[in-house]
Amino acid sequence: MKKIAVLGPEGTYCDIACKNYLYKENLDYEIKYYPSILKASMAVDDNTMAMLPFENTLDGFVIESLDYILLNRLYIIGQTKLDIDFAFVSNCDNEADIENLYVQFKAYGQCISFINEYNFNIITTQSNTESLNKLLQSQGKYAAIIPMHLLDKYHFKIEKHHIADSKSNETRFFVVSKSNDYNYKSNNLESSLIIASKIDRPGILYEILKEFHNFNINLKSIMSRPMKTEMGKYRFFIECSLKKEKIKDIFKLVNNLESDNELKVNILGIYDEL
């Protein structure tokens with residue numbers, strides 16, 4: 001049976017996004033839980049894909065996911081998104097007694113305004129469910145930021161609901177695989193590319209962007225990431241949107257960019273638009 005690696009344990013937003021995606025795509029995969037994005041991405045093989053959080057409305061890109069996609073040479077074959085909502089909880093009798101706060105590293109950036117109202121000692125976790133479990137195991141002056149849906153199973157002496165910096169809070173997740181499977185169904189598509197420059201000279205970025213303009217392909221985002229080989233070496237991660245009939249233009253664009261042997265371009269995936 002095929003498997004899908006997910007940032008666990010069960011009940012995380014990544015887990016919910018995964019189950020929604022499998023249901024929507026009518027896929028029968030065994031869900032395997034991992035304690036970190038790194039371990040989930042490393043679990044991908046010929047029989048296992050992974051669901052990785054990639055971008056949040058409030059906190060931006062999940063850089064770890066992008067870096068591990070590149071490090072492990074994975075391909076993006078699909079995407080999904082999920083509404084995100086958080087609660088602040090504790091079993092202390094009084095809010096003034098709370099000194100320590102468990103919070104997942106990305107949830108921190110989504111609830112920063114609320115957190116800054118207090119002087120908590122921040123204890124960072126790998127998942128929101130880990131924050132919950134650590135709170136349940138703790139005695140004394142502890143609190144946690146957890147997903148609102150987990151309040152259906154647990155009740156706390158102190159609960160504050162909907163504490164994210166904005167009500168418009170969504171996370172986008174990528175489905176990644178070892179093989180570059182262009183399994184799109186829609187006419188409206190997106191593509192991700194990674195572009196590395198073999199030399200450092202003025203005008204490289206301009207020439208890259210000019211090719212997208214020439215082919216009338218709409219850029220959605222661009223981000224530079226260090227090559228991690230030496231200081232000052234970077235590559236560009238680019239997302240674009242396109243119609244199905246323009247897929248051939250993506251490959252022509254890649255050929256044009258690589259024609260003078262100054263750039264190396266990898267298409268990380270072509271997948272349905274959300």
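**View 1. Strands E7 and E9 run side by side in the parallel sense, paired over 3 bridges.** Two strands count as a pair if DSSP finds at least two bridges between them. Look for asparagine 100, which stands opposite tyrosine 142 in E9. This is a predicted model, so local features need pLDDT of at least 70 and side-chain atom pairs count only at pLDDT 80 or more, while totals for chains, interfaces and linings use all residues. Residues are numbered from 1 along each chain as its sequence is written, and side-chain values use heavy atoms, with hydrogens and water left out.

**View 2. The whole protein chain has 8 helices and 15 strands.** Helices (H or I, at least four residues) and strands (E, at least two) are DSSP runs, numbered from the N terminus. Along its principal axes, the C-alpha trace spans about 65 × 45 × 30 Å. Of the 274 residues in the chain, 49% are buried; that word means under 20% relative accessible area, with exposed being over 50% and partly exposed in between (1.4 Å probe, protein chains only).

**View 3. Helix H6 (residues 128–137) has a buried side.** Check out Asn128, Thr129, Ser131, Leu132 and Leu135, which are buried in H6. They sit on the same side of the helix because they cover an arc of only 155° around the axis, going by the directions from the helix axis to the C-beta atoms. So what covers these buried residues of H6? The cover includes helix H1 (13–25), helix H4 (105–110) and strands E6 (86–90), E7 (100–104), E8 (121–125) and E9 (142–147). Contact here means heavy atoms within 4.5 Å.

**View 4. Strand E6 is largely enclosed by the rest of the structure, because 5 of its 5 residues are buried.** Both of its faces are covered: Phe86, Phe88 and Ser90 are buried on one side, and Ala87 and Val89 on the other. In a regular strand the side chains alternate between the two faces of the sheet.

**View 5. Strand E6 has antiparallel partners in E9 and E10.** With E9, the pairing runs over 5 bridges. There, phenylalanine 86 has proline 147 as its bridge partner, and serine 90 has alanine 143. E9 is mostly covered too, with 5 of its 6 residues buried. E6 pairs with strand E10 (residues 158–161) over 4 bridges, and in that pair phenylalanine 88 stands opposite lysine 160.
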